[in-house]
Amino acid sequence: LNAYGLSADNAAKLIDGFIQTQNDGKIVVDQYAQQIGNIAPIAAAAGISISELNAAIATVTATGVPVESTFAGLRQAISSILKPSSEAQKLAQQLGIDFNETALRSKGFAGVLEQVADKTKGSTTAMTTLFGSVEAVSAILPITNDELVKFNSNLDNQTMKSGQAADAAEKLGSTVSRQFTMLLNGIGNVARQLDQVLGPALQGIL
């Protein structure tokens with residue numbers, strides 16, 4: 001809320017987005033909560049929407065990249081676009097890539113990544129020069145490898161996320177309730193079996 005300058009009225013929508021990120025990626029809300037503070041401020045400053053950020057997180061973690069590495073890599077990638085090194089600027093110019101804050105704001109994160117993937121032909125060497133670290137490239141490649149198909153699908157899911165938190169709460173509640181019912185039924189079955197086996201013996205003893 002603070003990073004994006006949103007009011008408390010938006011809290012429910014944000015939580016729906018967190019749940020959708022969990023559904024699409026390999027991440028749980030607790031992990032998300034521990035890491036989001038490291039990237040939300042810089043993403044918001046770069047004009048990257050929370051939905052676009054969530055879609056990126058889901059896409060990267062779904063491929064097996066650890067959660068902490070995903071957040072650190074995406075943060076490094078965004079930082080590199082906002083303030084590219086002299087080598088990155090030179091390579092971007094040679095390849096005809098708009099690699100700066102202006103491009104990020106006008107094309108969006110996905111738009112910049114799409115151009116990078118197209119112009120570099122997927123070269124990890126070129127991407128490492130642009131993004132400044134292997135960690136950043138490890139977070140970018142899962143997004144660009146399929147021409148952003150999965151990312152765009154996850155982004156669509158973020159726009160249709162309404163009610164995810166309520167659904168998750170209902171599923172959790174029903175699961176706990178069902179397990180508790182099964183537990184009680186199990187105890188009842190054991191009691192009945194003990195009664196059948198031990199009942200006559202106990203009556204004889206009494």
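Trainee: Which side chain of opposite charge is nearest to Glu-52, and how far away is it?
Mentor: Arg-105, 11 Å away. A salt bridge needs a side-chain nitrogen of Lys or Arg within 4 Å of a carboxyl oxygen of Asp or Glu.

Mentor: One caution: this is a predicted model, where local features need pLDDT of at least 70, side-chain atom pairs count only at pLDDT 80 or more, and totals for chains, interfaces and linings use all residues. Residues are numbered from 1 along each chain as its sequence is written, and side-chain values use heavy atoms, with hydrogens and water left out.

Trainee: What does the side chain of Glu-52 reach?
Mentor: The backbone nitrogen of Ala-110, at 3.0 Å. The backbone nitrogen of Phe-109 lies 3.3 Å from a polar atom of that Glu-52 side chain.

Trainee: And where does Glu-52 lie?
Mentor: In helix H4, residues 50-62. Helices are DSSP runs of H or I, at least four residues, numbered from the N terminus.

Trainee: How many helices and strands in the chain?
Mentor: 11 helices and 0 strands.

Trainee: New topic. Where is confidence lowest?
Mentor: In H11, at a mean pLDDT (the predictor's confidence in each residue, from 0 to 100) of 63. Helix H5, residues 67-82, is highest at 97. The protein chain averages 87.

Trainee: Is Ile-205 buried or exposed?
Mentor: Exposed (over 50% relative accessible area), at 70%. Ile-205 sits in H11, residues 164-205.

Terms used
Helix = DSSP H or I, 4+ residues; strand = E, 2+ residues; numbered from the N terminus. Buried < 20%, exposed > 50% of the residue type's maximum accessible area, 1.4 Å probe, protein only. Lys, Arg positive; Asp, Glu negative; His and termini not counted. Polar contact = N/O pair within 3.5 Å; in protein donor to acceptor, adjacent residues only side chain to side chain.
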